Amino acid sequence: MTDATPRLHALDVFRGVTIAAMILVSTPGSWESVYPWLEHAPWNGCTLADLVFPFLLFAMGAAVPFALARRRGAPRPSAGSGRPESGEGRRVRRHVIRRSIALFALGLLLNAIQTPPPIHLVTFRIPGVLKLIALVYLTVSWITDRLSTRAQIGVTVAALVGYWISLAGAPLSAEANFGAVIDRHAFGSHMLHPLWDPEGLLSTVPAIATALCGVFAGNWLKERSATHRAWWLWTAGAAGMLTALVWDRVLPINKHLWTSSFALFSAGAAAQALAICYWVVDVKGWRAWELPFVAFGRNPLAAYFLSVGLDAVLLRWTVAGAGSLKAEAYRTAFASWLRPCCGGEAASLGYALAYVALWGVVLAEMHRCRVFIGI
């Protein structure tokens, strides 16, 4: 069966840059010495680190129209067009469900790897990044497959406005908002913090809206003529960011709660970044620089899971008289010479860049050997 929907090179590059940035902000040499722009905003506001996760959800959403078309083996009719149910459609939905379950299970495994032993089941964390991705992927795939574009826009608007309403009338604090109340009833002691979790259930709603914005971008790049794709996508992203900045006056941009203004702001920024990637890679054909990022982008799950898992192992692997293996490697290879001349933040960033480069080499070799780990 031929691939009726070719890959969008810009999307692979965009996703690869996002994964590399996620590893960068997740694995500094020392959390005690990190540049402010590489840390999450303390509460309201937005930093580069805050944009990484929504960029990944946006990229996932943008890939959904292409993935569904490839799974069906032909360009799919418009969603909601009254197409009769087919065996192929049922197989696609079973694949989506299996993939979502596998993502959720891998998220639990990653939580177990990151939890210092002994693991106590009564406090073992259930929410997390991969679990939220699983729920968003399952929901967005169903919405994209079954609803028309107009209905998808309606769902996105309803999700953003509805979540805004759910936060109204209560202080925007980590423990007191409505989402934290739901999470305490749903998860009990199985959260990152005693009274709340940044990847809670209710915050999945605006995260779905972020991914649906990616779906709109993916459809735009797939179905429109190449002449104006990048320009209009960039303009739409700018409009979304400006709208979010106005919304910020009444509903602060806040990644911890994934407020509706943050969902729109991050989606707008992601749309602009994807538009630039599309113009550079697919329109102008400047691809000499793309290979390292394509390697990350074609193996995003392996890159994230293995890099975060190894970082957790290095933190617990102790060296006699020197603490963890990671701490020793950081002190010897980076802090010993970078800290005196450039400061602790530069040394910590140097370690993170080297760690990203290490995985870049691994993933580039996997890409060369055509080894792609998916579910």
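The largest nonpolar core here has 98 residues, and the ones touching the most other members are Phe14, Leu57, Val136, Leu274 and Phe296. Helix α2 (residues 48-72) puts in the largest share of this core, with 15 residues. Keep in mind that this is a predicted model.

**Around Phe296**
- Setting aside its neighbours within four places in sequence, Phe296 is in contact with Gly16, Ile19, Ala20 and Ile23, and also with Ala303, Val356, Trp359, Gly360 and Leu363.

**α1 against α10**
- Helix α1 (residues 9-26) packs on helix α10 (residues 291-298) with the axes 7 Å apart and an angle of about 85 degrees.
- On the α1 side, the contact uses Asp12, Val13, Arg15, Gly16, Val17, Ile19, Ala20 and Ile23. From α10 come Phe293, Val294, Phe296, Gly297 and Arg298.
- Sorted by class, that contact has eight nonpolar, two polar and three charged residues.

**α5 against α7**
- The axes of helix α5 (residues 149-167) and helix α7 (residues 204-223) come within 9 Å and cross at roughly 150 degrees.
- Anything over 145 degrees counts as roughly antiparallel, which means α5 runs that way relative to α7.
- The crossing of these two, α5 and α7, is left-handed.
- Helix α5 brings Gln152, Ile153, Val155, Thr156, Ala159, Leu160 and Tyr163 to the contact, while α7 brings Val205, Pro206, Ala209, Leu212, Cys213, Val215 and Phe216.
- The class tally for α5 with α7 is twelve nonpolar, two polar and no charged residues.

How values were computed. Residues are numbered from 1 along each chain as its sequence is written. This is a predicted model: local features need pLDDT of at least 70, side-chain atom pairs count only at pLDDT 80 or more; totals for chains, interfaces and linings use all residues. Side-chain values use heavy atoms; hydrogens and water are left out. A nonpolar core is a set of buried Ala, Val, Leu, Ile, Met, Phe, Trp, Tyr and Cys residues joined through side-chain atoms within 4.5 Å. Buried means under 20% relative accessible area, exposed over 50%, partly exposed in between (1.4 Å probe, protein chains only). Helices (H or I, at least four residues) and strands (E, at least two) are DSSP runs, numbered from the N terminus. Contact means heavy atoms within 4.5 Å. Axes are lines fitted to C-alpha atoms, for helices over the stretch in contact, and angles run from 0 to 180 degrees between N-to-C directions. Angles under 35 degrees count as roughly parallel, over 145 as roughly antiparallel, 65 to 115 as roughly perpendicular and the rest as oblique. A crossing is left-handed if the near helix is turned anticlockwise from the far one by less than a right angle, and right-handed if clockwise. Ala, Val, Leu, Ile, Met, Phe, Trp, Tyr, Cys and Pro count as nonpolar, Asp, Glu, Lys and Arg as charged, and the others, Gly among them, as polar.
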